[in-house]
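Q: Please take a close look at one single part of this model, and describe in one connected account how it is put together and what surrounds it.

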Amino acid sequence: HVKSSGKNGVRRFDGALDAELERRKVLEREFQFALQRGQLSVVYQPIFHLPSGEVHKAEVLLRWTHPEFGAVSPGTFIAMAESSGQIIQVGGWVLDTACAQARRWRDLLGQPLVVTVNVSPVQFLQPSFVPQVKNALLRSGLPASALELELTEGAVMQQPSTVRAALHDLRQLGVSIAIDDFGTGYSSLSYLRDLPINSIKIDRSFIRDLATPRRAPQYAVALVEAIVGIARTLDLQVVAEGIESSGQLELVRSFGCDFAQGYHFARPMEAQALTELLHHDVTAGDAPPHIRLN
Ligand code: C2E
Ligand code: MG
Ligand code: MG
Ligand code: MG
């Protein structure tokens with residue numbers, strides 16, 4: 001019975017696929033309740049200003065902990081939240097949470113720590129987005145200068161007139177804009193010149209290619225140097241993300257990167273842990289918040 005064993009083969013294959021599809025369906029359904037059930041939280045990863053060694057910014061990263069499935073990666077649930085449209089509400093919650101926390105840090109430390117919030121293109125392209133940002137600032141009492149929004153190249157290349165208007169409104173408010181994962185999306189460089197953008201974050205994949213200083217391949221060095229050069233020319237701040245070793249740090253520092261972020265310095269952490277880190281440095285007499293780089 002060749003036919004039926006073939007069928008069984010197909011069914012086995014479908015079985016694995018079905019299980020994965022089933023898992024996704026369950027996660028999608030469960031994500032609908034994640035916010036109201038208090039399963040969402042954010043963590044903060046410090047971003048270091050290289051010339052001074054101080055923590056000037058912290059990136060806000062969303063986490064979902066499901067009681068049964070445990071920690072679900074943003075790589076999985078952000079896409080789900082985008083396709084269901086839930087990212088609009090969830091993104092609003094992230095903004096509120098981040099601004100409120102930034103305001104607490106400001107009060108506690110007397111230092112203007114900037115929080116950087118990732119924004120999905122789906123969220124950004126809503127007419128309600130700029131009001132959402134305004135409200136988060138008003139509710140928290142956080143000055144707009146302490147908020148930076150991270151957008152991908154893909155997000156700013158869509159619907160040019162909508163994007164341009166929103167970016168100008170945000171600039172008017174005093175909010176900063178960073179281009180995240182720079183160098184990986186479809187884009188033209190002209191948008192960097194034409195739109196009100198403050199900084200670019202060099203994608204982790206370019207930093208990974210730097211490996212160690214002695215062995216860093218020439219193309220990787222040239223690419224990162226070129227990106228820093230573009231940023232310099234256009235008067236943009238440049239952040240190297242995904243720094244995992246002192247070798248990578250030394251290279252990006254020598255290229256003139258302004259900021260760096262990565263496991264080499266600190267992993268994303270709870271607000272309380274970052275408070276302790278910053279507070280420790282302040283009380284140690286090292287104000288402003290400071291981490292020694294060496
Ligand atoms: P991203 O914005 O590029 O964030 C940086 C990611 O790199 C984070 O992953 C962070 O934990 C990780 N990372 C930081 N330093 C290192 C390092 O040295 N080595 C390595 N291997 N990884 C490092 P995470 O938290 O899993 O977030 C993944 C992506 O999910 C983010 O990439 C962002 O695109 C998205 N995301 C996270 N939170 C939000 C959010 O609140 N809203 C939106 N729309 N997207 C978010
Ligand atoms: Mg980011
Ligand atoms: Mg990034
Ligand atoms: Mg990324």
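A: **The magnesium site**

Glu241 is buried, with a relative accessible area of 10%, where buried means under 20% relative accessible area, exposed means over 50% and partly exposed lies in between, computed with a 1.4 Å probe on the protein chains only. The model is a predicted one, in which local features need pLDDT of at least 70 and side-chain atom pairs count only at pLDDT 80 or more, while totals for chains, interfaces and linings use all residues. Residues are numbered from 1 along each chain as its sequence is written, chains are lettered from A and ligands numbered from 1 in the order in which they are written, and side-chain values use heavy atoms, with hydrogens and water left out.

Donors here are N, O and S atoms within 2.8 Å of the metal (3.2 Å for Na, K and Ca), and water is not among the atoms, so sites may look incomplete. In contrast to Glu241, which is buried, Asp181 counts as partly exposed, at 26% relative accessibility.

The magnesium ion (ligand 2) is 3.7 Å from the magnesium ion (ligand 3), and Asp180 coordinates both. Because Glu150 lies in strand β5 (residues 147-152) and Asp180 in strand β6, the pair ties together parts that are 30 residues apart in sequence. Both Glu150 and Asp180 are buried.

Glu59, in strand β2 (residues 54-66), counts as buried at 5% relative accessibility. The side chains of Glu59 and Asn118 are joined by a polar contact of 2.8 Å, a polar contact being a pair of N or O atoms within 3.5 Å, of which, within protein, one must be able to donate a hydrogen and the other to accept it, with residues adjacent in sequence counted only if both atoms are side-chain atoms. Leaving aside neighbours within four places in sequence, the residues in contact with Glu59 (heavy atoms within 4.5 Å) include Asn118, Glu150, Asp180, Lys201 and Gln261.

Ligand 1 also meets this region. Of the 22 residues around ligand 1, those that come nearest are Asn118, Asp180, Arg204, Glu244 and Tyr263, where a residue is near a molecule or strand if one of its heavy atoms lies within 4 Å of it. An N or O atom in the side chain of Glu59 is 3.0 Å from an oxygen atom of ligand 1. A polar side-chain atom of Arg63 lies 2.8 Å from an oxygen atom of the ligand, and for Tyr263 a backbone N or O atom lies 2.8 Å from an oxygen atom of ligand 1.

Conventions:
Helices (H or I, at least four residues) and strands (E, at least two) are DSSP runs, numbered from the N terminus.
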